[in-house]
Amino acid sequence: MTAPDILVLAAGTESTAAVAKLSYAIQLSVAPVFLLTGITGLLSMFTQRLARIVDRTRLLQEALARGTTQEARRLRKSLDVQKKRMFLINRAIFCVTFTALLIAAVVAVMFVSAVAVLDLAAILVPAFVLAMLMLIVGLVLFLQEVQLAISQNPKRYY
């Protein structure tokens, strides 16, 4: 017997059953909402990192414009690394944003499923698994970006 069934039996009214279903739906939705909060923190960190990469790229471009021919090769190499870092962090942001979208969809489907007493597990399970896979891909891309940053300037990180 589920929690809403117990509450319906105890109260004995139909309106209480509707409230119990709503309460149960809210309880089910709490964990994914906490996950969304964590994803928001990741997105904030990723966008701040992207802003630092863009700032560094601008500095390198200015230095290239006023630099000597001897420095040009080193600066172009650094700019290539910055472009790779931007690509990786942009892809990480995409993957984590897509994760947030999927988690929000999971919360909505869970809520509808609980209130309407429908079995929507065939939708929920693949959506949640895909969300976790996208989160993993986003984190791996972020780690690759960090590794590139460290390889470019190891003294800064050690």
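Q: Which helix holds Arg-156?
A: Arg-156 lies in helix H5, residues 154-157. Helices are DSSP runs of H or I with at least four residues, numbered from the N terminus. This is a predicted model: local features need pLDDT of at least 70, side-chain atom pairs count only at pLDDT 80 or more, and totals for chains, interfaces and linings use all residues. Residues are numbered from 1 along each chain as its sequence is written, and side-chain values use heavy atoms, with hydrogens and water left out.

Q: Is Arg-156 buried or exposed?
A: Arg-156 is exposed, because its relative accessible area is 59%. Exposed means over 50%, buried under 20%, and partly exposed in between (1.4 Å probe, protein chains only).

Q: New topic. Which residues form the nonpolar patch?
A: Leu-22, Ile-26, Val-30, Phe-34, Phe-111 and Val-115, with about 520 Å² of accessible area together. Helices H2 (14-66) and H3 (69-116) each give two or more residues.

Q: Which gives the most?
A: H2, with four residues.

Q: And where is Phe-111?
A: Phe-111 is in helix H3. Phe-111 counts as partly exposed because its relative accessibility is 32%.

Q: What about Met-110: buried or exposed?
A: Met-110 is also placed in H3. Met-110 counts as buried, at 13% relative accessibility.

Conventions. Patches are made of residues with over 30% relative accessible area and no salt bridge: like charges are joined within 9 Å, nonpolar side chains (Val, Leu, Ile, Met, Phe, Trp, Tyr) within 5 Å. Accessible areas come from the Shrake-Rupley method with a 1.4 Å probe; for residues, only the protein chains shown count as cover. A salt bridge is a side-chain nitrogen of Lys or Arg within 4 Å of a carboxyl oxygen of Asp or Glu.
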